[in-house]
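Please look over the structure below.

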Amino acid sequence: MTASRTLTRDQIRQVDRLAVEEYGVPGIVLMENAGRNAARVIRHEVLAEPTRGAVAIVCGGGNNGGDGFAVARHLANVGVGVELYLAVEPTRLTGDAATNWHIVERMGLPAFDVRTAEAIAAARERWRRSDAIVDALLGTGFSGQVRAPLDAVITAINAVRATCAADPGAAGARAGHPVIVAIDLPSGLDADTGRPANAAVRADLTITMVARKAGFDQPGAADYTGRVVVVDIGAPRALIDRIAFS
């Protein structure tokens with residue numbers, strides 16, 4: 001865990017860039033640490049049993065999606081039932097996200113496309129039976145408006161949360177609905193302003209990397225973040241402190 005502090009979008013980018021450039025920490029190592037530590041939180045703070053349960057992980061095309069793939073691997077390795085839902089064509093993945101996708105693909109983890117209305121509707125029904133839905137669609141770099149099909153995917157995630165809460169018998173999670181877990185920040189929420197876009201995930205828990213994002217403390221943001229847990233990704237503490245307090 002890191003000390004309590006908040007960082008802006010630009011400061012987070014600096015941490016990532018300088019961890020690689022100044023300290024020589026490979027980006028894939030930062031992603032690995034993010035995925036492993038997020039999976040640990042999910043296992044011990046979301047699931048009724050840390051080596052059992054059903055988790056749906058919904059991934060976009062950037063590094064946030066890559067974090068989702070890493071989370072999936074670590075959960076699957078301890079026996080948690082994992083399903084991946086891709087809002088991007090896998091051939092468009094690049095860099096560390098592509099590396100992690102190729103690993104989970106070779107592991108044979110079940111993966112479903114959610115880029116059409118029909119696929120999203122089918123996924124929504126499966127999500128109702130999950131213990132948790134992990135949002136790994138959009139990261140801190142997001143701003144502006146959520147574009148299709150991500151807007152429809154976000155709407156479906158929120159709909160599962162709402163409908164299962166109204167019908168607790170439809171889901172197995174302790175919250176009366178699948179626990180919605182956002183990786184780094186809820187997709188569609190601006191990291192700096194804390195304002196939701198045209199579509200934004202309403203999370204029960206946000207597992208954020210390095211530090212709280214500046215927008216989390218703005219009025220109304222907590223309605224989207226839920227409880228926030230900060231996890232370490234291996235960026236040197238001295239670097240984080242330098243950027244946070246410069």
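Q: In which hand does α2 pass α4?

A: A crossing is left-handed if the near helix is turned anticlockwise from the far one by less than a right angle, and right-handed if clockwise. In this predicted model, α2 passes α4 in a right-handed crossing. Helices (H or I, at least four residues) and strands (E, at least two) are DSSP runs, numbered from the N terminus.

Q: Which residues make the contact between α2 and α4?

A: Contact means heavy atoms within 4.5 Å. Gly27, Ile28 and Met31 of α2 meet Asp96, Ala97, Thr99 and Asn100 of α4.

Q: What is the place of Glu105, and how is its accessibility classed?

A: Buried means under 20% relative accessible area, exposed over 50%, and partly exposed in between (1.4 Å probe, protein chains only). Glu105 lies in helix α4 (residues 95-107), and its 43% relative accessibility makes Glu105 partly exposed.

Q: Why is strand β9 described as largely enclosed?

A: Of the 5 residues of β9 (residues 227-231), 4 are buried, so the rest of the structure largely encloses this strand.

Q: Which strand pairs with β9, and in what sense?

A: Two strands pair if DSSP finds at least two bridges between them. Strand β7 (residues 205-209) pairs with β9 in the parallel sense over 5 bridges. Thr206 stands opposite Val228 in β9.

Q: What conventions apply here?

A: Residues are numbered from 1 along each chain as its sequence is written, and side-chain values use heavy atoms, leaving out hydrogens and water. Local features need pLDDT of at least 70 and side-chain atom pairs count only at pLDDT 80 or more, while totals for chains, interfaces and linings use all residues.
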